[in-house]
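Work through the exercises below with the sequence and the structure side by side, and try each task before reading its solution.

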Amino acid sequence: MASFTTCSTLFTLIFILLITPSFIVTDAKFSEQFPEPKASHGVEKMSRLHFYFHDIVSGKHPTAIFVAGKKNKFGGTAMIDDPLTEGVKHGSKVVGRAQGMYALSSLDSSSLLMVMNFEFTEGKYNGSSLSVLGRNPFLQTVREMPVVGGSGLFRFARGYALAKTVHFNLGTGDAVVEYNVFVMHH
């Protein structure tokens, strides 16, 4: 009988020792540093992309719709799914989509906050995307906005986008904007 109690007590003690570490609260690390990642294709490279952004707010099939605030007033916000094309004409080959939103972010209604992803659907960048987040002072001839990341072939991307309005229809609000994007990626 004594050996059964000893075995039972020993079993209980071992069980408690095995389970106890999972109940002890330890300090979790907020961050960790890793060695610099190795690029799958060697060194980091720079790419330049050139395309046209077609923002269509009029007609039966707009690609941008206002979802908050008043159109053309501070706070007016539009969701977009705009085509990106090789050429300036609306019928040019579509190479991707600009998806996200923009909002009038200045009291004098002269700049937009741009939050968008350029999703590419053609060529070697098909399935990859770039993320742009920044101020677009659209009354300036050329505007610079930061590229803050990407996916696919643009993983770990950083760079900048230069935007230049090629066409703006004052009556409809439709616009065509030329983009030159310079991005560092692996």
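**Exercise 1.** Decide whether F53 is buried or exposed, and find which ring pair joins F53 to Y179.

*Solution.* Start with accessibility: F53 has a relative accessible area of 3%, and it is therefore buried, where buried means under 20% relative accessible area, exposed over 50% and partly exposed in between, with a 1.4 Å probe and protein chains only. This is a predicted model, in which local features need pLDDT of at least 70 and side-chain atom pairs count only at pLDDT 80 or more, whereas totals for chains, interfaces and linings use all residues. Residues are numbered from 1 along each chain as its sequence is written, and side-chain values use heavy atoms, with hydrogens and water left out.

Next, apply the ring criterion: rings of Phe, Tyr and Trp (its six-membered ring) pair if their centres lie within 6.5 Å, and planes under 30 degrees apart count as stacked, over 60 as edge-to-face and the rest as tilted. A search of the whole structure gives 8 aromatic pairs. Among them is the tilted pair of F53 and Y179, with 5.6 Å from centre to centre and 50° between the planes. Because F53 belongs to strand β1 (residues 45–55) and Y179 to strand β9 (residues 175–185), this pair ties together parts that are 126 residues apart in sequence; strands (E, at least two residues) and helices (H or I, at least four) are DSSP runs, numbered from the N terminus.

**Exercise 2.** Classify the ring pair of F118 and Y179, and state where in the chain its two partners lie.

*Solution.* Y179 is buried, at 1% relative accessibility. The ring centres of F118 and Y179 are 5.2 Å apart and the planes stand at 70°, so the pair is edge-to-face. F118 lies in strand β5 (residues 112–120) and Y179 in strand β9, 61 residues apart, so that distant parts of the chain are linked. F118 is buried as well, at 0% relative accessibility. Finally, ring pairs link F51, F53, F118, F120, Y125, F154 and Y179 into a cluster.

**Exercise 3.** Which regions have the lowest and the highest confidence?

*Solution.* The protein chain averages a pLDDT (the predictor's confidence in each residue, from 0 to 100) of 86, and 77% of the residues score at least 70. Confidence is lowest in helix α1 (residues 2–23), at a mean of 55, and highest in β5, at 98. Where pLDDT is low, the predicted coordinates should not be read in detail.
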